[in-house]
Amino acid sequence: MAFSRNFLVGFAVLAFLPLCFSNYLYPQFYEHSCPKAEEIVKSVVAKAVAKEARMAASLIRLHFHDCFVKGCDGSVLLDSSGSIITEKRSNPNRNSARGFEVIDEIKAALEKECPETVSCADILTLAARDSSLLAGGPGWEVPLGRRDSRGASLSGSNNNIPAPNNTLPTIITKFKLQGLNLVDLVALSGSHTIGFSRCTSFRQRLYNQSGNGQPDVTLDASYAAQLRTNCPRSGGDQNLFPLDFVTPAKFDNYYFTNLIASKGLLNSDQVLLTKSEQTMQLVKLYAENNDLFFKQFAESMVKMGNISPLTGKKGVIRKNCRVVNSN
């Protein structure tokens, strides 16, 4: 009887070990080590979004900009120190990426609850999911267990993240390099149903799209005239404009409806309709079916969150998301 009991105990321990050092992500990762982790993340994100609705879009974007550089490893959160040059200085992030203080607050609360347990990379992933839900968008079960990087990549941030003025082939290539396909590209672009963009990100569409001093012909003329009132030829670079002017704070499929009406704010948005038959069909599909868009967005967010994560014994759990651990 004693042998049988010891065997069962030993077997249970062996069965649990793979979970401790797993190279896989799974939703129950913190079930025992930090059971309140998701509740804490949601609480802080909810407070931040209630204070400023725009924060939901900012946190989703932060997760996106993290995953497209060296994988989903929290590198976007690191400040410059020692040999590290922060990704916050890159063209896609400078004067644009935001929400770092919210992540700091979440991390501080988690360190108090369960020290050195929940990674900054997982915080970003959970915050993105909660932001979608709080804005009226879809939710999804988040696979967890990522660990944090010990470094950042300024060049990766400059080169790998799609830019507002990129051509569609360039955007497709940047997604493909991350293992994401056309369906993922169009669905994830739908996150532009919330949030804002700066005048400097779309000015050329208003004044010099083809280098001939003329506005973009794929941009509705009346919408362009409206945009020009607060986005002049020079100056006003940081002036903000809603990416979806119809329902700027609500996560829905109006983003795709706007593209069909030639009222996509960014060139990288509008080309989804005008430069590819395949992406055009997806735009029309999601414009007609909000439920289908929500379903695919959730699936593509999980897929994006799985880009080259550090797991098991790789990476670390940073105590402060802005700096590498001192020991």
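The disulfide between cysteine 67 and cysteine 72 is right-handed, with 120° about the S-S bond; a disulfide here is a pair of cysteine sulfur atoms within 2.5 Å. Both cysteine 67 and cysteine 72 are buried, that is, under 20% relative accessible area with a 1.4 Å probe and protein chains only.

This is a predicted model, in which local features need pLDDT of at least 70 and side-chain atom pairs pLDDT 80 or more, while totals for chains, interfaces and linings use all residues. Residues are numbered from 1 along each chain as its sequence is written, and side-chain values use heavy atoms, without hydrogens and water.

The structure holds 4 disulfides, among them those in the table.

| Disulfide | S to S distance |
|---|---|
| cysteine 34 – cysteine 114 | 1.8 Å |
| cysteine 67 – cysteine 72 | 2.0 Å |
| cysteine 199 – cysteine 231 | 2.0 Å |

In sequence order, the bonded cysteines of the protein chain pair as 1-4, 2-3, 5-8, 6-7.

The link of cysteine 199 and cysteine 231 is also right-handed, with 75° about the S-S bond. Cysteine 199 lies in helix 9 (residues 199-207) and cysteine 231 in the loop between helix 10 (221-228) and strand 2 (240-242), 32 residues apart. Helices (H or I, at least four residues) and strands (E, at least two) are DSSP runs numbered from the N terminus. Cysteine 199 and cysteine 231 are both buried, as are cysteine 34 and cysteine 114.

The axes of helix 13 (residues 277-288) and helix 14 (residues 290-305) come within 5 Å and cross at roughly 115°. Axes are lines fitted to C-alpha atoms, for helices over the stretch in contact, with angles from 0 to 180 degrees between N-to-C directions.

Definitions and conventions. Buried < 20%, exposed > 50% of the residue type's maximum accessible area, 1.4 Å probe, protein only.
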